[in-house]
Amino acid sequence: MNEIIEKVMRKEELGEPLLKEWIEGFLAGKVGKDEMTEFLKAVCKFSLSEKDGSALTKVMVESGETLSFKKRAYPYADKHSTGGLADSTTLIVAPIVAAAGVPFLKMSGRKLGHTGGTIDKLEKFKGLNPEMSIAAAEKVVDEVGAAVIAQSKELVPADKALYKLRDETGTVKSLPLIASSVVSKKLASGADVFCLDVKTGNGAFMEGVEDSVALAEWMVKILKSHGKKAVAVISDMNAPLGDYIGGEAEVSDAIDCLSGKQSRLSELSLILSSKLISLAKGVSEDAGAEEATRLLRSGEALKKLMEIVRAEGGELSLFSEEKRKEIFAADVGSVFAEKSGYLKKIDCVSLGGIARKFEEKGGNGIFVPFKIGDPIEKGAALAVLKGKIEADPSILRELSACFDVSKTPVDPLPLVYGIVD
Ligand code: URA
């Protein structure tokens, strides 16, 4: 067995030189996939020290280029979610922060596991091309204050290679592996102010609140040790964040939030935006919250999202209320509560998988109106498939198994469990 794997299993310090040789060896094809999988499995089981986690992050950053942007009145802000269902916060946070005058340039990913990807959502705006160079993204920031683009191939190639292997080998759920993956991308991405949205619950990669807090603390500490301003919000992922999962319906829900709809999605987006505005401008949390709320309520943030979409080449048809109503209206099947009671559990991982399958067949998305603890009447629709395609009966059966209704009352879950700064 390789020395580095034995060291992980004996919980010995690995050190930066050994980690560097190992990661570079993997990228150069000298360390094989099987050996790397053994290493990842060992890290999942035995973890790494904070020092080695930090060294791994550094080695990953150094595997590619690090961006730097031209100076502006305020530092660049960025957000990152550790992954969840119906999480279209970027579509709301980017325009709020940009409307506040804080430059926002974010590189986002595509779908991963059961979770959705911001880039797939952006592409729902016909014509929008998120595959652009950094120079082109900076031009968009010059024009409208924010750009959300697809991840560059040159940025953290080690994360790209490792993440693919982790996804294939079931080695995603590890604190040091998630932390190094997220933080390496943030350190290489050129921003100076970060708000991390660390999800907790059965739809998150970290299910327990304590583990999520530990992950948040680890990530904030590394970012700060590199001179960045960072805060993490521990948010609930025991139910989809927005009311619609997947496709055009999810994007339309985000536009509805920017048009005044109040929901957990708009509430969390306001919290993340407030933190970024407060950190970037050096103003109090209250002042950040006041500005974010004003920009959302006044419609300035909605106008800003239209500008961003247009600047990235997209059409604005989804901003028409009629078009959104059309997307939400097309019901092609529902699952109904078999008894009255309270919503106890939503299996978010299965629900995310079903939403993905439905979307791949051309569906608009799935409407999930209830949150944990909500009272449910027998016969109420727990989930509604939206689209202009025929719903396969097997999808409805699978969907029905995602919901657990209890006869006895269930406490609602908080949206935010804590803040790490
Ligand atoms: N998001 C990432 O970018 N990396 C992980 O490992 C998990 C979530």
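Where is threonine 90 placed? Threonine 90 is in helix 5, residues 89-99; helices here are DSSP runs of H or I with at least four residues, strands are E runs of at least two, and both are numbered from the N terminus.

Before I go on, the sources. This is a predicted model, in which local features need pLDDT of at least 70, side-chain atom pairs count only at pLDDT 80 or more, and totals for chains, interfaces and linings use all residues. Residues are numbered from 1 along each chain as its sequence is written, and side-chain values use heavy atoms, with hydrogens and water left out.

Back to threonine 90. Threonine 90 counts as buried because its relative accessibility is 3%, where buried means under 20% relative accessible area, exposed over 50%, and partly exposed in between, with a 1.4 Å probe and protein chains only. Leaving aside residues up to four places away in sequence, threonine 90 touches Lys79, Pro95, Lys106, Thr118 and Val148; contact means heavy atoms within 4.5 Å.

Next, the ligand. Its surroundings are His80, Thr82, Tyr163, Arg166, Ile178, Ser181, Val182, Lys185 and Phe205, each with a heavy atom within 4 Å of the ligand. Helix 8 (157-169) and helix 9 (175-188) each supply at least two residues of this shell, and helix 9 gives the most, with four. A side-chain N or O atom of serine 181 is 2.6 Å from a ligand nitrogen. Ligand oxygen atoms lie 3.0 Å from a polar side-chain atom of arginine 166 and 3.4 Å from one of histidine 80. On its own the ligand has 240 Å² of accessible area, and the protein covers 93% of that; areas come from the Shrake-Rupley method with a 1.4 Å probe.

Four strands form an open sheet in the order 6-9-11-7, with antiparallel pairing; two strands pair if DSSP finds at least two bridges between them. Strand 6 (244-245) and strand 7 (331-336) are the edges, each pairing on one side only. Strand 6 pairs with strand 9 (residues 365-367) over two bridges, and tyrosine 244 has phenylalanine 367 as its bridge partner.

Last, leucine 396, in helix 17 (residues 393-400). Is leucine 396 buried, partly exposed or exposed? Leucine 396 is partly exposed, because its relative accessible area is 22%. Leucine 396 touches Gly333, Ser334, Val335 and Leu385, again not counting residues up to four places away in sequence. From leucine 40, leucine 396 is 356 residues away in sequence and 36 Å away in space, C-alpha to C-alpha.

Methods. A polar contact is a pair of N or O atoms within 3.5 Å; within protein, one must be able to donate a hydrogen and the other to accept it, and residues adjacent in sequence count only if both atoms are side-chain atoms.
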